[in-house]
Each structure stands twice: as structure tokens, then as C-alpha cells.
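This report describes a predicted model.

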Amino acid sequence: MRKFLLNIIVFTLVLVAFNIAIFFVAQLVYYKEYRFKPTRKFKSFILSDSHGKCLKNYGEPFLIYNFSAGSESVLDMNRKLKYLIANDFEIETIYFSVDDHILSPHRIKYSNLDRSIYYSNVSEFKSYYQYLVNRFIKYYLPIFHTKVRLVIKSLLILKVKSLLFDVKDEFKTKEWIYLLDSDRKKQALKRFKIQFSYKNSSEELTASFLEIINICKARNISLIGVKFPLSRNLIKVLGNSTYGADSILKANGFPVLDHKLDFVNKDEYFYDADHLNSYGGIVLSHKLFFNK
Amino acid sequence: MLFNSIDFAFFLPIVFVLYWFISPNNVKYQNLLIVIASYFFYGMWDWRFLFLILFSSLVDFTVGLALLNQEDWRKRKLLLWASIFINLGILGVFKYYNFFVQNFVDAFSFFGKEIEIRSINIILPVGISFYTFQTLSYGFDVYKKKLIPTKSFIDFSAFVSFFPQLVAGPIERATHLLPQFYKKRTFNYELASDGLRQMLWGFFKKIVIADNCANLANQIFDNYTEYPGSALFLGALFFTFQIYGDFSGYSDIAIGCARLFGFDLMQNFNFPYFSRDIAEFWRRWHISLSTWFRDYLYIPLGGSKGSLWMKIRNTFIIFIVSGFWHGANWTFITWGALNALYFLPLLLTQRNRINLDGIAQGKLIPKFKDFIAMLFTFILTVIAWIFFRSQSMHQAIEILNRIFSASLFSNPQLMDVRHTYLVMFLILVFIVFEWLGREGKYGFSFVMKLKQKWMRWVFYCFLLLIIYLYGYQGEAIEFIYFQF
């Protein structure tokens, strides 16, 4: 038994060391956007998916905290709002992304629910045990976390690729402005197909969105919808397609700041078909915050 | 609780420590701990299932005790029938009620008479067929006086609910497993470390092979109308490896896990895809169920003795019942009947026992004749799995129609070609490992032939890394056989 236990202990220690390494990589790569918490000085918050990331911290002088994260779903934003309320933030305004795709069922499939769990509380779960597993065990033992595993794998593949090929140049040419128009069209179409491959909006996301609206109404929080700018190519492909988050917000008496068409002839402001680059972000933040 | 879950990663070490350190010399406490742990393990699915397993255990324990003091054969028979009636009754209600009701209604409707019988919405308790057959074997063996019934309900409950093999086998015979609960268990280093090795291999089969294949097979089978014959054949191939990886993977984890607690479970799979004929395949596939049916159904029916008609009848009965055991659907029954058709020519020409030893014993490369026979048997099996996997007979026939058409030679037009190639590569690695280990009890046992310890560790680390990097990335998938 002693020999067996000794082997098990050695093996466990190796596993723990591996887990620690993965934990730090996961913190740097996977949980990057979730390592920050707003301080209580902030009164307004931007809740958005990756579209809101271009605004960086430009709103901070106006006490606006950018709580956006890539691949964020309405469910994740709902969690964040509840987190702010539960932690007694004095919320005056919420800038909420109401882009055409925001209620797409695609976002149920690819959301940040495993990351935004950081902002969740036990009431969301069937039991304390479920909360413990999802909130703490998967977080501190990322070797059990399937998404972290996927990220680590991708990183390793990228590392091997970069050793074998010149990957850097490949990335440079990805910037929107450097692409041929035919490639832009292709990318725009691909983006459209990902986000609008479903006939109807997601019931779950719509319900969560309505819950957010009701929370804001009940707490007298000013909810402002924001439609982020899209590139010319994507607007063309998109046509009238929308899952209608902006209409829901308007129907509930909240305003919508529609910047969708603002940069239609400004390809140099875009990183890709629907994301602004740093420069575009600065221009948009001026429009959003200085003209308040 | 799934083996491939975080829950189990915590559950197993805790039970292991309690088992060997709290009461290492007290069999009673160890058995009680096994019962508690097993009920907890099973209750994690749905605590209501516990009443069913408890009831089933109580029935057979009582029947066993009643048989102990009963010498009158008529009364003994009555007791045995009571056990069979109750066990199969539970199985019938939970698993087959809706199937019979639907077919009854359809039959009446066929003759122009519309009747209305309500189907009931019942959750199928996980692994019900497995523990029901295990308790039935106890009743049979006590009735035949092959086994002295236990007087300890704890020992009996531990036998019925032993968590490593509770939900998906191997279906243990009472004569083999129950006596192990009476004996004092001493920790055996070789047994335990071999158990861990077998568990590792089981996890590889499940998480890397079965779950990745499941992803592709599901995609193809669920959208079968959109794919040409070539893709559907690939889908059937992926399912062939999925079901093997899934089920034999579970068995490997179960057997390995039982070894950690000093128990020896029977081998359930013996490299079935290396079989050279269907008879050999059935001696190597789900051995615990095949031998169960052989001993408690086929032989009592007369087996392969008797007239030609008897042989044919018995073969069909055992295969069809085996198919029906898997699920209440005509697809399973057809799968069983198709295997009977494969098997029958071998039985009638008395060639069903020509391949008793393993293929290419002591050699690396098989004879060409053996290789062709193996390939032919494998293809027959792949075709049969199409029925097993399909949701309906219509789907299975449509898939076969497409496979046996010119589109078999067309471009498969799969969505994610890179991922498909990757899975194919992983299957190839899997086959190579299985081939190297085919003379042992499980594929990965070949590493024990390596003399240097560090070389063995290289293989362990390699397998762990593959599991980590190429294990299925979605949520943990339940084992297929849980539904049976």
C-alpha cells in the first residue's frame, strides 16, 4: 500500500503542478477580461459583447465603466447587472448593446457563462454543490475545464505553428483595411451566416433581456441602448435582418443610440467586419461620451 | 454520477481512503461502505431510482432466503417464478410498456380498429437492465443450488449495487462476485496499479475515441437525408468505434476501479473487432451479457442440440431477445435478427467454433486469409450497427439504400474535414494500441511488456496528454449503455 500511495502522491503532485501552470495560463488568456472588477466610484456601466471592447476605458473620466467582454451573451450581461446590484453599486446608467445580432440563438451556443460565473450567486444554481463545482472547482482546477482545455490546445498549436511558419505576417494582413474587397465580402458573409443562421431570436436571451429591462425600470436605472457601427460590407449583406433587441427596448420606453451606419465609408476604423479598431473606438467614444 | 465527471474525480479517492483506512480488516464495514457509496453514486442521477434498486434487492434477497430452506421443487419453482415475474415486471413497466402499447394500437389500427390506450411518461432508470439481470442470475443460481444464498442483506445489496459496474456492467454472476464480498480483502499493489492502468485506457477510449466519434456520427445520422452514401458509411464507421469505445471504455473503467477495492470483475470485451467470424465476434463482444443469455436462456432452450429447426429457433430467440434487451425499438430487434442471420450459416455448417484462439497469436502481422476474414466480419458488424444507431427502421433502410448506391464513391462532403481527419488519426492510434495489446486483457496492457519503467511512464504521459488535448471538448457525454 505504501508504494502505491507514494506513486499516487507523486502523480498527484505532478498533476497539481500542471494544474497550477494551466491556472496561470488560463488567468492570462481565458479569464483575462474577468479579472477586473469595477470600483464603487463608477455610476454608469457599458454592458456589451466584443463590440463594446473598442471603447476600452475611454469612459472612465465620465465615471463610466466598460464591463464589455468578447462573446458576451445577454445572460452574461444580466449576471453582471445583478452582481452590481448585489454589491450595492449606485447605478445611474447602463449602456446596453442592442445590435441586431444580440438576441441570436448563436449566442446561447457560444457564450461566456462559464466565465461570467464569477459574477453569479448561489441562487442561480439547483444546489450549493452545483454552485461549488461551477464557481470554484472548475475555476481553481482548470484541468477539468473543457473550454480552458480548448484554449490551451489552440495556444499550443499556434506556438508550434509559429515555430514552423511565419505566422505574424498572416495576422497583419487580417486587418480590415488591408483586405481586398472580395475578401471583405467573404468575411462579411461568413459573419452574417454565423449570427443570422436562425429564423427567430432566442427565447432564453429575450427573456433575460426583458428581465434586465424590468430590473432597470424597478430600480430607476437609466437604460440606454447602443447599436455599434458596422462596416459597409456587412451592412450590405445584413439588409433588414435583425433579432429586434432595439425595438424591444424602444417599446419599453428606453432610448437607443443608433451608430450602426456612422462609419459606413470609414473602412480604416474597422478591425474586421463588425469590430472597430483602436482608432475607430476613440472616434466612437467621442460620439458617445462627449456629446452626452 | 458519470465516470468522466468532476464528481467522480472526488468521489473515488474519498471512497478509496475510507475503504482501506477506516476499516481495513472489517469486511462488514467495507461492504456497508460499498453500499452507501454505491447508493450515493446511483442517487446522483435521481434519488427516486434508489427505491427501485432497494425493492429489487429486497425481493431477490427474500426469495434467496426462502429458497434456502425450501426443498419442495414445486415451491422452489414458484419462488423462482415470483422473482422472475417481479424483476421482469419492473423492467417491462419502465422500459417496454410504451413500446407494447404503441405496437398494440398500431396492430389494431392496421386491421381498421382504432383503440386508445394511454402511454405513460416514465423516466427510464439508469442501468435498470444491468442490475435486473444481475439479481435474476442470483435467483437462478440459488434455485439450481449452484450458490448458497447469503443471509446478509448488506452483502447482497453490495453485490447488486456495487458502483463500478452498477449502471453498465459487466453483468456479474452471483457465483463469481457475491463470494468476493464474504472474503477479507487485502490490498494488492500489482492489482491496484493494473486497475489504474486499465482505467486510464478506459478513459482514453471513452473521452477521446467514443466522444469524438459520437460528435461526427450524430452529425451524420441526425442529418442523414443530406449526405451521400460515402458520408453515411463514414458515419456508420464512426458509430462502430463510438459504441466500442464507449461501452468497452466503461467496462475497462469499471474493472479497473473494482480492482482498486480488491475485486475481480469478469472481462467484458476481448478485442471484438479483430474477430474473423460473427461467432467469434459474439464470444468477444459484451461477454457478460452473451454468456448470461447462453447460460440462462440458450442452454435451457436446448442450445445447439436437437433438430435443425430447434437450432434455428434457439439462435433467433437468443439474438432477438438480446436485441430487445438493448431497447424497446424495432431497430434493436432487427439488429439482433440480422446478427442471427450472420451467425446461422456458421452454426449450421458447424463452423461456429473454428476461431477459438486469438488472431495472429505471437505474431505482429496476421495471415492474409485471417486479415480478409477480419475485414469482412468488421464490415458485417458495421452494417448491423446502422440498425442499432438509427432512430427508426425507415431511417436505417434509407441509410443502407444510400450506402449501397453509386454515391458510396462520391465525395463525403463533410462539414469539418480537418476534424474528421483528426478523429480518423486518433482511431488509427487506437487500433494500433489495441492490436499490440490484443493478447492481454485490455489494449493498453502491452505497456507491461516494456522492461524500463520510464518507457511505461512515457506511454502513460502520452495517453494523458492525448486525453487532455484531444478529449471531446463539449460537456461530458453519458455512456450509451446507461440507457439500457
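**Strands of chain A**

A:I94 has A:L223, in β4(A), as its bridge partner.

**Chain B as a whole**

Chain B has 17 helices and 0 strands. Its C-alpha trace spans about 70 × 65 × 45 Å along the principal axes. A compact globule of 484 residues would have a radius of gyration near 23 Å, and the 23 Å of chain B agrees with this. Of those 484 residues, 42% are buried. Among the contacts in chain B with a separation of 6 or more, 74% are between residues 24 or more positions apart.

**Helix α12 of chain B**

Helix α12 of chain B covers residues 308-326. Its 19 residues, at 1.5 Å a residue, should span 27 Å, and the distance of 28 Å between its end C-alpha atoms agrees with that. Which residues of α12(B) are buried? They are B:N314, B:T315, B:I318, B:F319, B:S322, B:G323, B:W325 and B:H326. Viewed down the helix axis, the buried residues of α12(B) lie within an arc of 165°, so they line one face of the helix. An α-helix has 3.6 residues a turn, so residues three or four places apart point the same way. The cover over the buried residues of α12(B) includes α5 (128-143), α11 (287-301) and α13 (330-348) of chain B.

**Contact between chains A and B**

How many residues does each chain bring to the contact? Chain B gives 10 residues and chain A gives 10 residues. On the side of chain B that touches chain A, α1 (6-22), α8 (189-222) and α17 (453-470) of chain B each supply at least two residues. The largest share of that side, 3 residues, is from α8(B). By class, this side of chain B has 7 nonpolar residues, 3 polar residues and no charged residues.

Methods. Residues numbered from 1 in each chain as written. Chains lettered and ligands numbered in written order. Predicted model: local features only at pLDDT ≥ 70, side-chain atom pairs only at ≥ 80, totals over all residues. Contact = placed C-beta atoms within 7 Å. Helix = DSSP H or I, 4+ residues; strand = E, 2+ residues; numbered from the N terminus. Nonpolar A, V, L, I, M, F, W, Y, C, P; charged D, E, K, R; others polar. Expected span 1.5 Å × (residues − 1). Buried ≥ 20, exposed ≤ 12 C-beta atoms within 10 Å, placed from the backbone. Arc of directions from axis to C-beta. Rg over C-alpha atoms; globule rule 2.2 N^0.38 Å. Pairing = 2+ DSSP bridges.
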